[in-house]
Amino acid sequence: MVKGFVFDLDGVITDTAVLHFKSWQEKVKELGINYTEEDNEKLRGIPRLETLKEIIKLKKPDLRLSEEELIKIADEKNEVYKKLLETEINESSILPGVLELLNEAKRNGIKLSIASSSYNGPTILKKLGIIELFDFIVYPGDVKKGKPAPDIFIQAAEGIGLKTTECVGFEDAPAGVKGIKDANMPAIAITHNSSEDFSNADLVLTSTSELNFSEIMKKFN
């Protein structure tokens, strides 16, 4: 019996991917790295510090930086990102079909939880005007291993007092879908027409506009 929904944030509830891209592009340019949208696509859904390490591995593998230096760059990137959030995100930034799904879930007593790698999750949800709809938001700093590990999804279920098998997870990145499945939770993938492999998801949708509460409950109950 489905009693909870666990959501990734970026690409599922709203789309700040372009803001992440602009922020990373600006910061790593200082390291002599030309970061492209194609590069950005390969690194969706993983935590900030890991993203920076992967960018360096991908684009400038000979570059040697200490953990302290990496953390400083990642933190500076986040400051750029937060400034962009202030001007670029508002209530109209919720992806199509999402608000309807959230409201119908709440009306039917479904608990809602956020499992996002972003430390800016609460800020984004406030800007979208929907933070009060969520019963629990995982704080990424409390998660031992980031996506694709299942830890964040397990914690998201625990935070709403449920077993992972009583929840359905929503993701837009293969790394996230793997985490959901490894948490022993059914997974809905929203591909946004990506060519990435989502074959391990239980339900694959092209767009959030295809989200339908009744159909989801029928499929997973």
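This is a predicted model: local features need pLDDT of at least 70, side-chain atom pairs count only at pLDDT 80 or more; totals for chains, interfaces and linings use all residues.
Local features are reported at pLDDT of at least 70 and side-chain atom pairs only at pLDDT 80 or more, whereas totals for chains, interfaces and linings use all residues. Residues are numbered from 1 along each chain as its sequence is written, and side-chain values use heavy atoms, with hydrogens and water left out.

The protein chain is divided into domain 1 (4-14 + 92-220) and domain 2 (17-88); the bounds come from an automatic or database domain assignment. The centres of the two domains, taken over C-alpha atoms, are separated by 24 Å. At the level of contacts (heavy atoms within 4.5 Å), 15 residues of domain 1 meet 14 residues of domain 2.

Helices (H or I, at least four residues) and strands (E, at least two) are DSSP runs, numbered from the N terminus. Six strands form an open sheet in the order S3-S2-S1-S4-S5-S6, with parallel pairing. Its edge strands are S3 (136-137) and S6, each of which pairs on one side only. Two strands are taken to pair if DSSP finds at least two bridges between them. Strand S1 (residues 4-7) is joined to strand S2 (residues 111-114) by four bridges, and the two run parallel; Phe7 has Ile114 in S2 as its bridge partner.

Strand S5 (residues 187-190) pairs in the parallel sense with strand S4 (residues 167-171) over three bridges, and Gly169 stands opposite Ala187 in S5. Three bridges also join S5 to strand S6 (residues 203-205), again in parallel, with Ile188 opposite Leu203 in S6. S5 is covered on both faces: Ala187 and Ala189 on one side, and Ile188 and Ile190 on the other, are all buried. Here, buried means under 20% relative accessible area, exposed over 50% and partly exposed in between (1.4 Å probe, protein chains only). S4, helix H8 (residues 174-182) and S5 make a right-handed β-α-β unit. A crossover is right-handed if, with the strands pointing away from the viewer, the path from the first strand over the helix to the second runs clockwise.

Glu166 lies in the loop between helix H7 (151-159) and S4. With a relative accessible area of 16%, Glu166 is buried. Not counting residues up to four places away in sequence, Glu166 touches Met1, Val2, Lys3 and Gly4.

Helix H4 (residues 67-88) has 22 residues, which at 1.5 Å a residue should span 32 Å; the end C-alpha atoms are 31 Å apart, in agreement with this. The expected span is 1.5 Å times one less than the number of residues. The buried residues of H4 are Leu70, Ile73, Ala74, Lys77, Asn78, Val80, Tyr81, Leu84 and Leu85. Seen down the helix axis, the buried residues of H4 fall within an arc of 165° and so line one face; the arc is that of the directions from the helix axis to the C-beta atoms. These buried residues pack against helix H1 (17-29), helix H3 (48-59) and helix H6 (121-128). The face of H4 turned away from the buried side carries the exposed residues Glu68, Lys72, Lys83 and Thr87.

Asn78 lies in H4 and counts as buried at 8% relative accessibility. Leaving aside neighbours within four places in sequence, Asn78 is in contact with Arg48 and Asn120. The C-alpha atoms of Asn78 and Asp15, 63 residues apart along the chain, are separated by 16 Å.
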